Amino acid sequence: QVQLVESGGGLVQAGGSLRLSCAASGSFYRMGWFRQAPGKEREFVAAITLSGGTTYTDSVKGRFTISRDNAKNTVYLQMNSLKPEDTAVYYCAGQIRGSSNYNYWGRGTQVTVSS
């Protein structure tokens with residue numbers, strides 16, 4: 001059974017930083033972070049492949065950094081200069097090589113940024 005477990009969410013002041021972690025029970029070709037605020041569509045945040053290639057949504061470029069430790073099957077999201085607009089539930093997801101979508105999802109971790 002594949003599991004992804006997020007951690008590191010919490011409450012932080014605007015301008016502050018937070019580091020999210022996602023521990024997976026297996027290795028994925030691509031691991032990503034998504035977020036969803038109440039009443040809004042789930043939004044892609046960042047992704048990273050096994051080889052280290054990264055992708056970010058425009059709104060977080062320059063502020064967020066995604067990384068992974070393949071030996072630990074863990075992906076991280078370092079979030080700096082946080083804004084209230086970043087408030088959401090953040091989900092970790094894993095994509096199997098050859099798949100057109102993300103196959104497995106974590107339960108999410110709440111990130112709240114206060115002004």
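Which residue in β11 is the bridge partner of V12? The bridge partner of V12 in β11 is V113. The model is predicted, so local features need pLDDT of at least 70 and side-chain atom pairs count only at pLDDT 80 or more, while totals for chains, interfaces and linings use all residues. Residues are numbered from 1 along each chain as its sequence is written, and side-chain values use heavy atoms, with hydrogens and water left out.

**Strand pairing around β11**

- Strands (E, at least two residues) and helices (H or I, at least four) are DSSP runs numbered from the N terminus.
- Two strands pair if DSSP finds at least two bridges between them.
- Strand β2 (residues 10–13) runs parallel to β11, and 4 bridges join the two.
- β9 pairs with β11 in the antiparallel sense, over 3 bridges.
- Opposite V111 of β11 stands A88.
- The covered face of β11 holds T109, V111 and V113, and its uncovered face holds Q110, T112 and S114.

**Disulfide**

- The model has 1 disulfide, defined as a pair of cysteine sulfur atoms within 2.5 Å.
- The disulfide is formed by C22 and C92, with their sulfur atoms 2.0 Å apart.
- The link of C22 and C92 is left-handed, with -80° about the S-S bond.
- C22 lies in strand β3 (residues 18–24) and C92 in strand β9 (residues 88–95), so the pair links distant parts of the chain, 70 residues apart.
- Both cysteines are buried: C22 has a relative accessible area of 0%, and C92 also has a value of 0%.
- Buried means under 20% relative accessible area, exposed over 50%, and partly exposed in between (1.4 Å probe, protein chains only).

**Nonpolar core**

- A nonpolar core is a set of buried Ala, Val, Leu, Ile, Met, Phe, Trp, Tyr and Cys residues joined through side-chain atoms within 4.5 Å.
- The largest such core has 25 residues, of which W33, L77, M79 and Y90 touch the most other members.
- Two or more residues of this core come from each of β3, β4 (30–36), β5 (43–49), β7 (64–69), β8 (74–79), β9 and β11 (109–114).
- β3 gives the largest share, 4 residues.

**Aromatic pairs and a charge over a ring**

- Rings of Phe, Tyr and Trp (its six-membered ring) pair if their centres lie within 6.5 Å; planes under 30 degrees apart count as stacked, over 60 as edge-to-face and the rest as tilted.
- There are 5 aromatic pairs by this rule.
- One of them is the tilted pair of F28 and Y104, at 5.8 Å centre to centre with 50° between the planes.
- This pair links distant parts of the chain, with F28 in the loop between β3 and β4 and Y104 in strand β10 (residues 104–105), 76 residues apart.
- F28 counts as buried at 3% relative accessibility, whereas Y104 counts as partly exposed at 32%.
- F34 and Y102 form an edge-to-face pair, at 5.0 Å centre to centre with 85° between the planes.
- F34 lies in strand β4 and Y102 in the loop between β9 and β10, so this pair ties together parts that are 68 residues apart in sequence.
- F34 is buried at a relative accessible area of 9%, and Y102 is buried at 17%.
- One aromatic cluster is formed by F34, F44, Y102 and W105.
- R42 lies over the face of F34, at 5.6 Å from the ring centre; a charge sits over a ring if NZ of Lys or CZ of Arg is within 6 Å of the ring centre and within 35 degrees of the ring normal.
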